[in-house]
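Please look over the sequence and the model shown here before reading on.

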Amino acid sequence: MCPSRGPATRRLLTLLSTLFLLASPVLAAVSSSDLLTYLGGAATGQTLKTAAYTLTMAANASSVLVSCAYKGKVSELGWMGWGTGSAMSDADILVLWPNSDGSWTLSHRTAATTVMPTLVGTANKDPSTDSSGSVKVVASLSSKSQTDSPAVVTFVRPLQLPATYKGKGEYYQLKKAINQQVIYAYGMKNPGSSAQDATLTQHPLDGMGATYVDLSATFSATSAAIEAPLSPVKGGSSSGSSAAGGTSAATATAGAASGSSSGAASASAATNVATNGAGSTSGAASPLPSTDPTSSSGSTTDTPGGTAWTYAAVIKMHGICAGATWCVVTSSLASVS
Ligand SMILES: *[C@@H]1O[C@H](CO)[C@@H](O)[C@H](O)[C@H]1NC(C)=O
C-alpha cells in the first residue's frame with residue numbers, strides 16, 4: 001500500500017543515527033562514560049567549549065574530575081592551565097603539560113597578578129601530584145602518545161581540599177552548585193622539563209578566559225558540550241544560557257571598573273564596546289609596557305573610569321594587559337639573571 005515506506009523509514013533511521021553521532025560526547029580519547037566510571041557511576045557537572053580547550057568538570061559526593069581536551073596532537077600542545085577564581089590574580093591555578101615519556105606534569109601555582117604563576121610549596125618528586133598530595137593526574141584518563149588527538153589530560157581533586165592546602169583566593173573550595181568560577185588558558189610552547197617549577201611561556205591572548213561551571217547539572221555519558229558561559233548563569237541546569245547578571249564578574253576581573261553599573265547599563269554598553277571596543281582597548285593597553293613591574297599588581301585594573309564593559313571586552317583587555325605585564329616582568333627577570 002505504501003511502497004516508499006521502507007526506504008523512507010531507513011532514511012529516517014540513518015538521519016537519526018547521524019544526529020545521534022553528532023550529539024555524542026566530544027572527547028574521543030577519553031569519553032564522558034570513562035569519567036563517570038571513575039567517579040563510581042554517577043556524577044554531576046558539565047562539558048564546556050572554551051577558547052583554549054574543551055573542559056569537563058564532573059563531581060561525585062567527594063571528588064571532582066577536571067578533564068581538558070585540546071584540539072590537536074599532544075606534540076602540538078605547550079601546556080593547559082585551569083584555575084579556580086575569577087582572574088589570574090585571585091586564582092588557585094593548576095598548569096599541566098605533556099612530557100616526552102608520555103607522562104603529564106601537574107604544577108600547582110599562583111600569580112600575584114597577570115605574570116607567570118609560580119609554584120605553590122616545593123616541587124614534588126612525582127611531578128603528576130601536587131605538594132599537598134591532594135591533586136593528581138589520572139593517567140588512565142589522559143593521553144599517553146605524542147600523536148594522540150585531542151590531547152587530553154585529566155586530574156582529580158577533592159571537592160573540599162584539606163585545611164592544610166595552601167591554596168589561594170576564596171574560590172578554591174568547589175561546591176556541587178551552579179556558577180563555580182573557573183579560569184582557563186593554554187600555551188603553545190612546552191616547558192621542555194617535567195619539573196613542576198619549570199618556566200612557562202605565556203598563553204596566546206585569545207587562548208584564555210574565565211567561565212562559570214554548573215557542578216550541579218546532570219552529567220551523563222551523552223551530555224553534550226555547551227559554549228562556556230561568559231557571565232553567571234541564572235536558574236541552573238545545563239541550559240548554558242547566560243543571563244544578564246554579568247556585572248559582578250566583569251567587576252571582579254576589571255576591578256576598578258566600579259561595581260555601580262547595573263545589568264541594564266552593561267547591556268547597552270555592549271553596543272558601545274562592539275562599535276568602539278577595539279580602539280579603546282589598544283589605546284588603554286599602550287601605556288602598560290612602561291609600567292614599573294614591581295608595582296604592576298594594580299595595572300590590570302586600569303580601565304576607563306565608569307565604563308561598563310562587556311565580559312568579552314574585559315577578557316580581551318585583561319589578555320592585552322596580561323601580555324604587556326608578563327613581557328615586562330619576564331624580560332626584567334631575564335636581565336636580572
Ligand atoms: C568518588 O570518586 C572517587 C575517585 O574515583 C572515588 O574514590 C570515590 O569512591 C567516589 N565516591 C563515590 C561515592 O562513589
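**From one residue to the whole chain**

Leaving aside neighbours within four places in sequence, Met-57 touches Thr-44, Gly-45, Gln-46, Val-64, Leu-65, Val-66, Trp-82, Leu-174, Val-182, Val-213 and Leu-215, where contact means heavy atoms within 4.5 Å. The model is a predicted one, in which local features need pLDDT of at least 70 and side-chain atom pairs count only at pLDDT 80 or more, while totals for chains, interfaces and linings use all residues. Residues are numbered from 1 along each chain as its sequence is written, and side-chain values use heavy atoms, with hydrogens and water left out.

Met-57 also belongs to the largest nonpolar core, which has 35 residues and in which Leu-55, Met-57, Met-80 and Trp-82 have the most contacts. Such a core is a set of buried Ala, Val, Leu, Ile, Met, Phe, Trp, Tyr and Cys residues joined through side-chain atoms within 4.5 Å; buried means under 20% relative accessible area, exposed over 50%, and partly exposed in between, with a 1.4 Å probe and protein chains only. At least two residues of this core come from each of the strands S2 (54-59), S3 (63-70), S4 (79-84), S5 (92-98), S6 (104-110), S9 (151-158) and S10 (180-187), and S3 gives the largest share, four residues. In soluble globular proteins, nonpolar side chains tend to be buried together.

Across the chain there are five helices and 13 strands, which are DSSP runs numbered from the N terminus (helices H or I, at least four residues; strands E, at least two). Of the 337 residues in the chain, 49% are buried. Among contacts with a separation of 6 or more, 65% are between residues 24 or more positions apart. The chain exposes about 15,100 Å², of which carbon and sulfur atoms supply 59%; accessible areas come from the Shrake-Rupley method with a 1.4 Å probe, and for residues only the protein chains shown count as cover.

A backbone N or O atom of Tyr-38 is 2.7 Å from an oxygen atom of the ligand, and a side-chain N or O atom of Asn-60 lies 2.3 Å from an oxygen atom of the ligand. Taken alone the ligand exposes 360 Å², and the protein buries 50% of that.

Several loops deserve a look as well. Ser-86, in the loop between S4 and S5, is buried, with a relative accessible area of 4%, and its side chain makes a polar contact of 2.8 Å with that of Asp-90; a polar contact is a pair of N or O atoms within 3.5 Å, where within protein one must be able to donate a hydrogen and the other to accept it, and residues adjacent in sequence count only if both atoms are side-chain atoms. Pro-150, in the loop between strand S8 (136-137) and S9, is joined to Ser-149 by a cis peptide bond with omega of about 0 degrees. Asn-179 is found in the loop between S9 and S10; although not a glycine, Asn-179 has a positive phi of about 60 degrees, and this residue is partly exposed, with a relative accessible area of 21%.
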